[in-house]
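Biologist: I am new to this structure and would like to learn how to read a few of its features. Could we take them one at a time?

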Amino acid sequence: LNQPPAGPSWGWDRPGALAVELSGQEYLNHLVDSAGEWFKKPRDTQAALAKRLSDFRHGCDTLVEAQHAQLASEDRQWLVEKCKAWSGKLDDHLAALSAGDPIDKVGEAADETINKLILAMRTRANQV
């Protein structure tokens, strides 16, 4: 009996999300669209926000490990470096949530991180 792989099935972890054949610019914009899925589910309880943060953090690991053949080497390097930095911010949000910081405060900070990530990737896409 084959079990589906454990882990998130949205964003950068959705099956096939990184295997699309697109130009570098289209690919980065595709990654932005996938990141935007962050905003599509409620994050209004500690458990929901923690799961969403963990899922997105897992997606960053997936992104870091992927080949990104659609991108020039300098764009791949930029994406991996940025994603490692974003992973650290997501870890900080998870730690704050675990430490008992208010859900709305952590959620707003996480939304800000995701919005900055989206803006950086869109900006980079426009330069490719």
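Biologist: Which residues form one aromatic cluster?

Modeller: This is a predicted model. In it, Trp-10, Trp-12, Trp-38 and Phe-56 form one aromatic cluster.

Biologist: What lies over the face of Trp-10?

Modeller: Arg-52 does, at 3.7 Å from the centre of the Trp-10 ring.

Biologist: How many aromatic pairs are there by the rule for ring centres within 6.5 Å?

Modeller: The count is 4 aromatic pairs. One of them joins Trp-38 and Phe-56, with 5.9 Å from centre to centre and 90° between the planes. Planes over 60 degrees apart count as edge-to-face, and the pair of Trp-38 and Phe-56 is edge-to-face.

Biologist: Which parts does the pair of Trp-38 and Phe-56 tie together?

Modeller: Trp-38 is in the loop between helix 1 (24-35) and helix 2 (46-65), while Phe-56 is in helix 2, so the pair links parts that are 18 residues apart in sequence.

Biologist: What describes two packed helices?

Modeller: The angle between their axes and the distance between the axes. Here, helix 1 and helix 4 (residues 103-127) pack at an angle of about 165°, and their axes are 8 Å apart.

Biologist: Why are helix 1 and helix 4 called roughly antiparallel?

Modeller: Angles over 145 degrees count as roughly antiparallel. The angle here is about 165°, and helix 1 and helix 4 are therefore roughly antiparallel to each other. Their crossing is left-handed.

Biologist: Which residues make the contact?

Modeller: On helix 1 they include Leu-28, Leu-31, Val-32 and Ala-35. On helix 4 they include Ile-114, Leu-117, Ile-118 and Met-121.

Biologist: Which residue has a positive phi although it is not a glycine?

Modeller: His-68, with a phi of about 55°. His-68 is placed in the loop between helix 2 and helix 3 (73-98).

Biologist: Is His-68 buried or exposed?

Modeller: His-68 is buried, because its relative accessible area is 3%.

Technical notes
Residues are numbered from 1 along each chain as its sequence is written. This is a predicted model: local features need pLDDT of at least 70, side-chain atom pairs count only at pLDDT 80 or more; totals for chains, interfaces and linings use all residues. Side-chain values use heavy atoms; hydrogens and water are left out. Rings of Phe, Tyr and Trp (its six-membered ring) pair if their centres lie within 6.5 Å; planes under 30 degrees apart count as stacked, over 60 as edge-to-face and the rest as tilted. Helices (H or I, at least four residues) and strands (E, at least two) are DSSP runs, numbered from the N terminus. A charge sits over a ring if NZ of Lys or CZ of Arg is within 6 Å of the ring centre and within 35 degrees of the ring normal. Axes are lines fitted to C-alpha atoms, for helices over the stretch in contact, and angles run from 0 to 180 degrees between N-to-C directions. Angles under 35 degrees count as roughly parallel, over 145 as roughly antiparallel, 65 to 115 as roughly perpendicular and the rest as oblique. A crossing is left-handed if the near helix is turned anticlockwise from the far one by less than a right angle, and right-handed if clockwise. Contact means heavy atoms within 4.5 Å. Buried means under 20% relative accessible area, exposed over 50%, partly exposed in between (1.4 Å probe, protein chains only).
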